[in-house]
Amino acid sequence: MFEQFYEFEQTPFSRDIPVEHLYCVAGQEEVLSRLVYAAKMRWFAVLTGECGSGKSTIIRSLKETLDGRGYRCMYIADSSLSPRRFYNGILSQLGVEGKFYRGDSKRILQRELEVLAALQHVTPVIIVDEAHLLGGEMLQELRFMLNANVDSHSPMSLILAGQPELKTTLKKAKLSGHQPKGEYPV
(Lines give C-alpha, C1' and ligand atoms only; values in the text may rest on other atoms or scores of the structure.)
Protein backbone atom coordinates (compact mmCIF):
# COMPACT_ATOMS: atom_id res chain seq x y z
CA MET A 1 0.00 0.00 0.00
CA PHE A 2 2.65 2.56 1.01
CA GLU A 3 4.82 1.33 -1.86
CA GLN A 4 2.31 2.76 -4.34
CA PHE A 5 1.98 6.03 -2.42
CA TYR A 6 5.75 6.59 -2.43
CA GLU A 7 6.10 5.05 -5.91
CA PHE A 8 8.52 2.34 -4.72
CA GLU A 9 9.31 -0.36 -7.22
CA GLN A 10 9.74 -2.85 -4.36
CA THR A 11 9.23 -2.96 -0.61
CA PRO A 12 12.22 -1.38 1.14
CA PHE A 13 14.08 -3.10 3.97
CA SER A 14 12.70 -6.54 3.24
CA ARG A 15 14.55 -9.64 4.41
CA ASP A 16 15.02 -10.99 0.92
CA ILE A 17 17.22 -8.24 -0.48
CA PRO A 18 19.66 -9.83 -2.93
CA VAL A 19 23.15 -10.11 -1.46
CA GLU A 20 24.64 -7.88 -4.15
CA HIS A 21 22.34 -5.05 -3.02
CA LEU A 22 23.22 -5.26 0.66
CA TYR A 23 25.21 -2.47 2.26
CA CYS A 24 28.55 -3.69 3.61
CA VAL A 25 29.51 -2.23 6.96
CA ALA A 26 33.08 -1.81 8.18
CA GLY A 27 34.75 -5.15 8.83
CA GLN A 28 32.15 -7.22 7.04
CA GLU A 29 34.35 -7.86 4.00
CA GLU A 30 37.18 -9.04 6.29
CA VAL A 31 34.89 -11.47 8.09
CA LEU A 32 33.55 -12.76 4.79
CA SER A 33 37.09 -13.25 3.45
CA ARG A 34 38.07 -15.21 6.54
CA LEU A 35 35.04 -17.48 6.24
CA VAL A 36 35.73 -18.08 2.55
CA TYR A 37 39.31 -19.03 3.44
CA ALA A 38 38.09 -21.34 6.22
CA ALA A 39 35.75 -23.03 3.73
CA LYS A 40 38.56 -23.44 1.21
CA MET A 41 40.86 -25.00 3.83
CA ARG A 42 38.06 -27.15 5.31
CA TRP A 43 38.53 -25.53 8.69
CA PHE A 44 36.32 -25.06 11.70
CA ALA A 45 35.23 -21.43 12.11
CA VAL A 46 33.13 -19.57 14.65
CA LEU A 47 31.10 -16.45 13.88
CA THR A 48 29.70 -14.65 16.89
CA GLY A 49 27.89 -11.37 17.42
CA GLU A 50 24.98 -9.80 19.20
CA CYS A 51 21.46 -9.97 17.76
CA GLY A 52 21.23 -7.72 14.73
CA SER A 53 24.99 -7.47 14.22
CA GLY A 54 24.89 -9.03 10.74
CA LYS A 55 25.69 -12.72 11.29
CA SER A 56 22.86 -13.88 9.04
CA THR A 57 23.82 -11.33 6.41
CA ILE A 58 27.40 -12.64 6.44
CA ILE A 59 26.11 -16.22 6.12
CA ARG A 60 23.94 -15.25 3.15
CA SER A 61 26.90 -13.48 1.57
CA LEU A 62 29.12 -16.50 2.15
CA LYS A 63 26.64 -18.83 0.48
CA GLU A 64 26.46 -16.50 -2.53
CA THR A 65 30.24 -16.01 -2.67
CA LEU A 66 31.20 -19.67 -2.69
CA ASP A 67 31.19 -21.10 -6.18
CA GLY A 68 28.44 -23.73 -6.46
CA ARG A 69 30.66 -25.94 -8.61
CA GLY A 70 33.36 -26.19 -5.94
CA TYR A 71 31.37 -25.90 -2.72
CA ARG A 72 28.17 -27.35 -1.30
CA CYS A 73 26.72 -25.18 1.48
CA MET A 74 24.32 -26.80 3.90
CA TYR A 75 22.58 -24.69 6.52
CA ILE A 76 20.90 -25.88 9.68
CA ALA A 77 19.33 -23.89 12.50
CA ASP A 78 17.52 -25.72 15.28
CA SER A 79 17.13 -24.51 18.84
CA SER A 80 17.25 -28.08 20.15
CA LEU A 81 19.64 -29.64 17.67
CA SER A 82 20.47 -33.23 18.52
CA PRO A 83 23.00 -35.43 16.72
CA ARG A 84 20.23 -37.40 15.03
CA ARG A 85 18.49 -34.21 13.81
CA PHE A 86 21.84 -32.85 12.64
CA TYR A 87 22.77 -35.91 10.62
CA ASN A 88 19.33 -36.37 9.12
CA GLY A 89 18.97 -32.63 8.39
CA ILE A 90 22.24 -32.50 6.47
CA LEU A 91 21.47 -35.79 4.69
CA SER A 92 18.12 -34.37 3.63
CA GLN A 93 19.89 -31.37 2.08
CA LEU A 94 22.10 -33.81 0.19
CA GLY A 95 19.01 -35.62 -1.11
CA VAL A 96 19.68 -38.72 0.97
CA GLU A 97 17.21 -40.27 3.39
CA GLY A 98 18.38 -40.39 7.00
CA LYS A 99 18.00 -43.35 9.32
CA PHE A 100 16.30 -43.79 12.67
CA TYR A 101 19.52 -44.58 14.53
CA ARG A 102 21.96 -41.72 14.60
CA GLY A 103 24.98 -43.99 14.20
CA ASP A 104 23.58 -45.22 10.89
CA SER A 105 22.91 -41.66 9.74
CA LYS A 106 26.37 -40.57 10.86
CA ARG A 107 28.05 -43.29 8.79
CA ILE A 108 25.95 -42.40 5.74
CA LEU A 109 26.76 -38.70 6.16
CA GLN A 110 30.48 -39.40 6.51
CA ARG A 111 30.36 -41.45 3.30
CA GLU A 112 28.40 -38.75 1.46
CA LEU A 113 30.84 -36.04 2.56
CA GLU A 114 33.78 -38.13 1.37
CA VAL A 115 32.06 -38.74 -1.99
CA LEU A 116 31.50 -35.00 -2.39
CA ALA A 117 35.11 -34.18 -1.56
CA ALA A 118 37.03 -37.05 -3.15
CA LEU A 119 34.98 -37.98 -6.20
CA GLN A 120 33.09 -34.82 -7.06
CA HIS A 121 35.82 -32.39 -5.90
CA VAL A 122 33.27 -30.35 -3.99
CA THR A 123 34.04 -28.97 -0.54
CA PRO A 124 31.16 -29.51 1.89
CA VAL A 125 30.48 -26.42 4.02
CA ILE A 126 28.12 -26.98 6.93
CA ILE A 127 26.78 -23.88 8.66
CA VAL A 128 25.11 -24.33 12.04
CA ASP A 129 23.23 -21.18 13.05
CA GLU A 130 22.11 -20.39 16.60
CA ALA A 131 25.05 -22.53 17.74
CA HIS A 132 25.10 -20.85 21.16
CA LEU A 133 22.16 -23.15 21.95
CA LEU A 134 24.07 -26.38 21.22
CA GLY A 135 24.48 -28.83 24.07
CA GLY A 136 27.61 -30.73 25.05
CA GLU A 137 26.55 -33.91 23.29
CA MET A 138 26.04 -32.10 19.99
CA LEU A 139 29.35 -30.26 20.32
CA GLN A 140 31.14 -33.56 20.86
CA GLU A 141 29.52 -35.01 17.74
CA LEU A 142 30.66 -32.01 15.71
CA ARG A 143 34.20 -32.45 17.00
CA PHE A 144 34.19 -36.08 15.90
CA MET A 145 32.76 -35.16 12.50
CA LEU A 146 35.68 -32.83 11.82
CA ASN A 147 38.27 -35.55 12.34
CA ALA A 148 39.03 -38.16 9.73
CA ASN A 149 41.99 -40.35 8.87
CA VAL A 150 43.36 -40.26 12.42
CA ASP A 151 42.89 -36.50 12.71
CA SER A 152 44.92 -35.74 9.56
CA HIS A 153 42.02 -34.71 7.34
CA SER A 154 38.78 -32.80 7.71
CA PRO A 155 36.02 -33.96 5.39
CA MET A 156 34.28 -30.59 5.51
CA SER A 157 34.32 -27.03 6.66
CA LEU A 158 32.14 -26.36 9.69
CA ILE A 159 30.99 -22.87 10.61
CA LEU A 160 29.21 -22.27 13.89
CA ALA A 161 27.30 -18.99 14.10
CA GLY A 162 25.70 -17.68 17.24
CA GLN A 163 25.57 -15.10 19.96
CA PRO A 164 28.70 -14.21 21.99
CA GLU A 165 28.04 -16.82 24.67
CA LEU A 166 29.05 -19.43 22.07
CA LYS A 167 32.70 -18.54 22.76
CA THR A 168 32.21 -19.33 26.44
CA THR A 169 30.44 -22.59 25.65
CA LEU A 170 33.30 -23.71 23.41
CA LYS A 171 35.87 -22.96 26.11
CA LYS A 172 34.12 -25.07 28.75
CA ALA A 173 35.70 -28.28 30.02
CA LYS A 174 33.06 -30.50 28.42
CA LEU A 175 34.98 -30.33 25.14
CA SER A 176 38.17 -31.60 26.73
CA GLY A 177 36.64 -34.91 27.70
CA HIS A 178 35.08 -33.94 31.05
CA GLN A 179 31.34 -34.52 30.99
CA PRO A 180 29.31 -32.13 33.16
CA LYS A 181 26.66 -33.59 35.42
CA GLY A 182 23.67 -34.74 33.40
CA GLU A 183 25.47 -34.99 30.06
CA TYR A 184 26.82 -38.33 28.94
CA PRO A 185 28.19 -39.51 25.61
CA VAL A 186 26.05 -42.00 23.73
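## Contact between α4 and α5

In this predicted model, P83, R84, F86, Y87, N88, I90 and L91 of α4 meet R102, S105, K106, I108, L109 and E112 of α5, where contact means heavy atoms within 4.5 Å. By class, this contact has seven nonpolar, two polar and four charged residues (Ala, Val, Leu, Ile, Met, Phe, Trp, Tyr, Cys and Pro count as nonpolar, Asp, Glu, Lys and Arg as charged, and the others, Gly among them, as polar).

## Helix geometry

Helix α4 spans residues 83–93 and helix α5 residues 102–119, and they pack at an angle of about 40 degrees with their axes 9 Å apart. Helices here are DSSP runs of H or I with at least four residues, and strands are runs of E with at least two, numbered from the N terminus. The axes are lines fitted to C-alpha atoms over the stretch in contact, with angles from 0 to 180 degrees between N-to-C directions.

## Nonpolar cores

The largest nonpolar core has 26 residues, of which F86, L109, V128, L134 and L160 touch the most other members; such a core is a set of buried Ala, Val, Leu, Ile, Met, Phe, Trp, Tyr and Cys residues joined through side-chain atoms within 4.5 Å, buried being under 20% relative accessible area with a 1.4 Å probe, protein chains only. At least two residues each come from β2 (71–77), α4, α5, β3 (123–129), α6 (136–146) and β4 (157–162), and α6 gives the most, with five. Apart from this core lies another, of 15 residues, including A38, A45, I159 and A161.

Leaving aside neighbours within four places in sequence, L109 is in contact with F86, Y87, I90, L91, L94 and M145.

## Basis of the values

Residues are numbered from 1 along each chain as its sequence is written, and side-chain values use heavy atoms, with hydrogens and water left out. Local features need pLDDT of at least 70 and side-chain atom pairs count only at pLDDT 80 or more, whereas totals for chains, interfaces and linings use all residues.

Terms used:
Buried means under 20% relative accessible area, exposed over 50%, partly exposed in between (1.4 Å probe, protein chains only).
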